[in-house]
Amino acid sequence: MSEPDRHMIRIDRKPQLFSFRVAGLIFRDGYLLAQRAVKDDYWALPGGRAEIGESSQETILREMREELHRDVRIERLLWTVESFFAYEGYAAHELGFYYLLSMDEDFPFHETDIVHRIVDGLEVEFRWLRATPSALVGDRLKPQFIADHIDRLPAAVQHVVIREGVSRQAETETEA
């Protein structure tokens, strides 16, 4: 491979999608705050994509200000996650940082209703989900490993690799 070719991005397996996402876990009274695009049938943790030159901590603070209109406090990093999955016809690879967050300001709360909406390119709604493994699986929280670990958050950062295969079962590898 010639010197200029060595730095080129591979495009032989299009379509592909890479994302660096940062998300936060915010708890209240046994519930976990979640978000989804109105068109989606699953929930995710609040957060968003990192911008070039922005650290994961800067990203989560910015995203919470933009989406929730609140400042949050970072308690600690829980997981770094490499997820491989299919999304809208793309082979997706997402690098994720998941932080435990706290919020000093009051945020709307209801056990079943949508509590907040924003338009950020598309309409996004927020809801509190019961923070139990079975409830989060039933509510289709993604990535699913969060539901599996919601009642035992790690004391130290864990690295998780998730591969969603054709069988729709996620293979999860956790490294301490």
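**Entry 1: strand partners**

Strand E1 (residues 16-25) and strand E7 (residues 90-102) run parallel and are joined by 10 bridges. My note on terms: two strands pair if DSSP finds at least two bridges between them. Strands (E, at least two residues) and helices (H or I, at least four) are DSSP runs, numbered from the N terminus.

Before going on, I wrote down that this is a predicted model, where local features need pLDDT of at least 70 and side-chain atom pairs count only at pLDDT 80 or more, while totals for chains, interfaces and linings use all residues. Residues are numbered from 1 along each chain as its sequence is written, and side-chain values use heavy atoms, with hydrogens and water left out.

Next I turned to another partner of E1. Strand E5 (residues 47-49) pairs with E1 in the antiparallel sense, over 3 bridges. Here I found Arg 21 opposite Arg 49 of E5.

**Entry 2: helix H1**

I checked the span of H1, which has 13 residues (residues 56-68). The expected span of a helix is 1.5 Å times one less than its number of residues. For H1 that should give 18 Å, and the end C-alpha atoms are 17 Å apart, which agrees.

Which residues of H1 are buried? I listed Ser 56, Thr 59, Ile 60, Arg 62, Glu 63, Met 64, Glu 67 and Leu 68. Buried means under 20% relative accessible area, exposed means over 50%, and partly exposed lies in between (1.4 Å probe, protein chains only). Just after H1, I came to His 69, which takes a positive phi of about 60 degrees.

**Entry 3: salt bridges**

How many salt bridges does a search of the whole structure find? The search gives 17. A salt bridge is a side-chain nitrogen of Lys or Arg within 4 Å of a carboxyl oxygen of Asp or Glu.

I picked out Arg 36 and Glu 125, whose closest N and O atoms are 2.7 Å apart in a salt bridge. This pair links distant parts of the chain, with Arg 36 in strand E3 (residues 31-37) and Glu 125 in strand E9 (residues 123-130), 89 residues apart. Arg 36 is partly exposed at 23% relative accessible area, whereas Glu 125 is buried at 6%.

An α-helix has 3.6 residues a turn, so residues three or four places apart point the same way. Arg 62 is buried, at 12% relative accessible area, and Glu 66 is partly exposed, at 41%.

I also noted a salt bridge between the side chains of Arg 73 and Glu 75 (3.2 Å, N to O). Both ends are partly exposed: Arg 73 has a relative accessible area of 39% and Glu 75 has 41%. Then I followed shared partners and found one network of salt bridges that joins Glu 51, Glu 54, Arg 62, Glu 63 and Glu 66.

**Entry 4: the whole protein**

I finished with the totals. The secondary structure comes to 3 helices and 12 strands, and 40% of the 176 residues count as buried. Among contacts (heavy atoms within 4.5 Å) between residues at least 6 apart in sequence, 60% join residues at least 24 apart.
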